[in-house]
Amino acid sequence: MSKAVHVPLKGGFSFDLCKRNEMLLKKGIHAPSFTLRKGMRFSAVGTTDSTFVLALADPIVSFFDNLSPPRSSLKMSKASVHVPLKGGFSFDLCKRNEMLLKKGVHAPSFLKTGTTIVGLIFQDGVILGADTRATEGPIVADKNCEKIHYMAPNIYCCGAGTAADTEAVTDMVSSQLNLHRYHTGRESRVVTALSLLKSHLFSYQGYVQAALVLGGVDVTGPHLHTIYPHGSTDTLPFATMGSGSLAAMAVFESKYHEGLTKDDGINLVCEAICSGIFNDLGSGSNVDVCVITKGQTEYLRNHQLPNPRTYVNAKGYSFPKKTEVLSTKITPLRAMVEVIEGGDAMEE
């Protein structure tokens with residue numbers, strides 16, 4: 001009777017009978033290979049002098065039939081070998097998932113990028129809002145970043161998309177607006193910033209990934225614009241951008257009306273940002289608000305903190321001692337000057 005061979009599930013077979021394998025290889029017989037399905041069970045494994053037999057449930061599967069003796073003469077081990085899945089995720093509900101896929105039910109997906117920026121026009125000016133989470137793929141890179149960028153004393157801009165692009169574009173246009181104010185001696189207009197931003201983004205055909213909400217108040221009144229990465233723009237009484245824009249827009253469309261007061265506008269902006277924070281994986285942390293009125297700008301940094309830390313260690317956090325300095329040697333440096341007398345005089 002041949003010994004039973006335990007076959008672990010590791011992408012192929014583990015042949016413990018090395019001498020038998022070497023003999024088979026010398027005779028030109030190579031080991032079989034096949035793909036295992038999830039949940040496949042081994043009933044028994046046996047060998048003879050000229051064949052390798054593997055039983056998978058019923059019936060017995062035999063390899064090298066041209067060399068195999070009649071199956072009636074084979075004596076198989078009665079021991080049942082169960083091969084558990086080793087490591088990784090345990091797919092216990094794989095049959096249910098396959099049934100759901102056949103019926104057209106697909107697994108849910110989630111967004112990997114995120115920002116929620118909003119803006120609205122109220123009776124005295126413009127209110128901008130943004131969350132403070134900066135993501136790097138699935139990682140929260142910064143919990144309290146600033147997404148409301150300074151453009152001019154009367155103009156601010158919220159940025160969504162690649163953080164480096166939004167910073168660079170807004171800083172560049174802010175510098176140009178500053179030079180324009182020095183040259184003309186007048187207050188910057190919102191339409192000037194809009195034209196500079198959209199022309200720059202359009203020239204790069206979307207490769208500068210900056211989605212912006214521009215708001216400000218000038219001599220012609222309050223203005224609110226959205227600028228897309230390809231350079232297209234919209235002029236609206238309220239606007240949202242970013243991956244959390246749908247949740248924020250739902251709040252605006254249901255509660256916004258003309259003639260909002262300052263307090264009502266701030267509360268509505270905070271509610272829209274919180275809607276994005278709690279319904280979008282890429283938005284989170286705190287709420288920043290910027291209120292722009294005629295001749296005055298109020299930047300409310302961390303106006304709301306909807307996600308406070310639930311646990312803070314009362315004893316604080318201790319860190320291991322740093323590497324101590326064992327010895328110190330100071331070598332003074334002296335200037336070495338060599339004076340050479342004589343020589344040729346300098347030519348005039």
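Buried means under 20% relative accessible area, exposed over 50% and partly exposed in between, with a 1.4 Å probe and protein chains only. The model shown is predicted, so local features need pLDDT of at least 70 and side-chain atom pairs count only at pLDDT 80 or more, while totals for chains, interfaces and linings use all residues. Residues are numbered from 1 along each chain as its sequence is written, and side-chain values use heavy atoms, with hydrogens and water left out.

**View 1. Ser-285, a buried residue with positive phi.** At 11% relative accessibility, Ser-285 counts as buried. Ser-285 lies in the loop between H6 and strand E14 (287-293). Its phi is about 70 degrees, a positive value, although Ser-285 is not a glycine. Helices (H or I, at least four residues) and strands (E, at least two) are DSSP runs, numbered from the N terminus.

**View 2. Gln-205, a partly exposed residue with positive phi.** The loop between helix H4 (190-203) and E10 holds Gln-205. Phi of Gln-205 is near 55 degrees, positive in a residue other than glycine. With a relative accessible area of 44%, Gln-205 is partly exposed.

**View 3. The contact of H5 with H6.** The axes of helix H5 (residues 245-255) and helix H6 (residues 262-279) come within 7 Å and cross at roughly 145 degrees. Axes are lines fitted to C-alpha atoms, for helices over the stretch in contact, and angles run from 0 to 180 degrees between N-to-C directions. Contact means heavy atoms within 4.5 Å. H5 contributes Ala-247, Ala-248, Val-251, Phe-252 and Lys-255 to the contact, and the residues from H6 include Leu-268, Glu-271 and Asn-279. By class, the contact has seven nonpolar, three polar and two charged residues. Ala, Val, Leu, Ile, Met, Phe, Trp, Tyr, Cys and Pro count as nonpolar, Asp, Glu, Lys and Arg as charged, and the others, Gly among them, as polar.

**View 4. The largest pocket.** The volume of the largest pocket is about 500 Å³. Of its 26 lining residues, the closest to the centre are Gly-114, Thr-115, Gly-161, Thr-162 and Ala-163. Strands E6 (134-136), E9 (155-161) and E10 (210-218) and helix H3 (163-184) each give two or more residues to the lining. On a 1 Å grid over the protein atoms alone, a pocket is an open set of points where a 1.4 Å probe fits, with protein on both sides within 12 Å along at least five of seven lines; lining residues have an atom within 4 Å of a point. A volume is the space filled by probe spheres set on the points, which are joined across faces, edges and corners.
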